[in-house]
Amino acid sequence: MTDIGFIGLGIMGHGMATNLVKAGFSVTVWNRTQSKADDIIEAGAIRGQTPADVAREADIVMICVSDTPDVEAVVFGPDGVIEGVRPDSLIIDHSTISPQATQRFASIAADHGTHWIDAPISGGSEGAVNGTLTIMIGGDEEQIQRSRAYLDAIGTTITHVGPLGSGQLVKAVNQILVVVTQLAVSEALLLAEAGGLDLDSTLRAVEGGAAGSWMLSNRGPQMIDRDWRPGFTIDLQQKDLRIVLEAADELGVPLPGTAIVFQMFRALQQQGLGGDGNHALVKALERMSGIEVGSRDG
Ligand code: NAP
């Protein structure tokens with residue numbers, strides 16, 4: 001049986017690793033903050049002491065950490081994955097990171113006899129817990145086939161989009177759609193509030209039509225309840241938008257909508273709100289208008 005390793009048990013990785021254990025695979029896990037692994041160990045996973053230790057126990061190492069330097073740290077840093085890799089092993093990177101860095105990391109890994117595919121995810125914390133993630137993959141078809149059963153345990157929409165690095169570029173496309181939709185949901189709720197509408201019935205009235213979206217149905221009710229707990233934090237969203245805007249700059253593509261949202265999130269970060277969920281984007285509009293969404297409800 002193929003041994004699986006999983007590194008990074010945050011909002012996303014915790015649910016993903018749990019689903020691999022539930023599917024009956026042999027999974028060795030590691031997280032920088034060890035306590036986040038406790039319940040997964042209880043559910044049947046093996047505890048790795050370091051990323052290198054995980055790699056020694058695994059043919060396929062799945063990674064889901066925050067940003068490009070964090071992937072670099074867990075793979076190439078002290079006690080990193082690369083120190084323990086088995087011959088012909090595979091690294092699957094589920095983190096959202098730079099497409100260019102992905103090429104560089106994969107090339108160094110290849111020098112150590114290890115394959116790499118980029119497989120960023122979408123679907124929010126709910127998708128991670130429910131095993132219904134969307135996974136966009138760049139890399140060799142042979143390696144993707146090899147990992148198929150494990151990807152099936154964490155996601156339902158799995159698409160091979162092209163060669164190495166294309167998964168990360170498609171994820172950048174995904175993030176434009178996410179944040180510009182988030183801005184639309186925020187502006188829509190602000191107008192509804194200003195006009196004295198009942199926000200819950202307004203949302204119900206429009207979500208089934210052409211204006212419906214995952215963002216509206218999942219984060220709209222949270223915004224109305226003023227529940228800012230993160231499915232995805234503003235700080236991580238900004239990290240993704242940096243990747244998007246860098247790629248656009250390199251390709252010479254103007255992205256005015258995305259740039260506006262980047263600046264609005266920057267303002268919220270400066271006000272200490274980087275740990276809020278990305279749906280707190282509406283707070284930037286609230287501060288411009290003096291109107292608070294959901295303030296009359298509950
Ligand atoms: P998170 O809850 O903040 O978790 C981040 C994880 O990365 C934690 O396990 C953290 O360890 C680990 N980490 C960060 N820096 C590290 C380092 N230098 N060394 C070792 N471990 C490190 O974030 P998340 O929401 O799960 O996101 C993880 C990735 O998935 C990100 O690339 C994000 O963009 C992407 N993503 C997230 C969502 C979402 O809705 N949340 C959706 C799609 C994609 P500690 O526990 O010790 O801090």
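Reader: What makes H9 and H10 roughly antiparallel?
Author: Look at the angle in this predicted model. The axes of helix H9 (residues 199-207) and helix H10 (residues 214-224) cross at roughly 170 degrees. Angles over 145 count as roughly antiparallel. Therefore H9 and H10 are roughly antiparallel to each other. Their axes come within 10 Å.

Reader: Which residues of H9 meet H10?
Author: Leu199, Asp200, Leu203, Val206 and Glu207 do. In H10 they meet Leu216, Ser217, Gly220, Pro221 and Ile224. By class, this contact of H9 with H10 has 6 nonpolar, 2 polar and 2 charged residues.

Reader: Why is H4 called roughly parallel to H5?
Author: Again, take the angle. Helix H4 (residues 68-76) and helix H5 (residues 99-111) pack at about 5 degrees, with axes 11 Å apart. The cut-off for roughly parallel is under 35 degrees. So H4 is roughly parallel to H5.

Reader: What residues meet between H4 and H5?
Author: H4 brings Thr68, Val71, Glu72 and Phe76. H5 brings Ala101, Arg104, Phe105, Ile108 and Ala109. By class, the contact has 6 nonpolar, 1 polar and 2 charged residues.

Reader: How do you know that strand S5 pairs with strand S6?
Author: Count the bridges. Two strands pair with at least two bridges between them. S5 (residues 90-93) and S6 (residues 115-118) are joined by 4 bridges. So they meet the cut-off of at least two and pair. The two strands run parallel. Leu90 stands opposite His115 in S6.

Reader: Where does the chain go between S5 and S6?
Author: The chain passes through H5. This β-α-β crossover is right-handed.

Reader: Why is the contact of Asp59 and Arg86 called a salt bridge?
Author: Check the distance, N to O: 3.0 Å between the side chains. The cut-off is within 4 Å. So Asp59 and Arg86 form a salt bridge. The structure holds 12 salt bridges.

Reader: What does the pair tie together?
Author: Asp59 lies in the loop between H3 and S4, and Arg86 in the loop between H4 and S5, so the pair ties together parts 27 residues apart in sequence.

Note on methods:
Residues numbered from 1 in each chain as written. Predicted model: local features only at pLDDT ≥ 70, side-chain atom pairs only at ≥ 80, totals over all residues. Heavy atoms only, no water. Axes fitted to C-alpha atoms, helices over the stretch in contact; angles between N-to-C directions. Parallel < 35°, antiparallel > 145°, perpendicular 65-115°, else oblique. Contact = heavy atoms within 4.5 Å. Nonpolar A, V, L, I, M, F, W, Y, C, P; charged D, E, K, R; others polar. Right-handed = clockwise from strand over helix to strand, strands pointing away.
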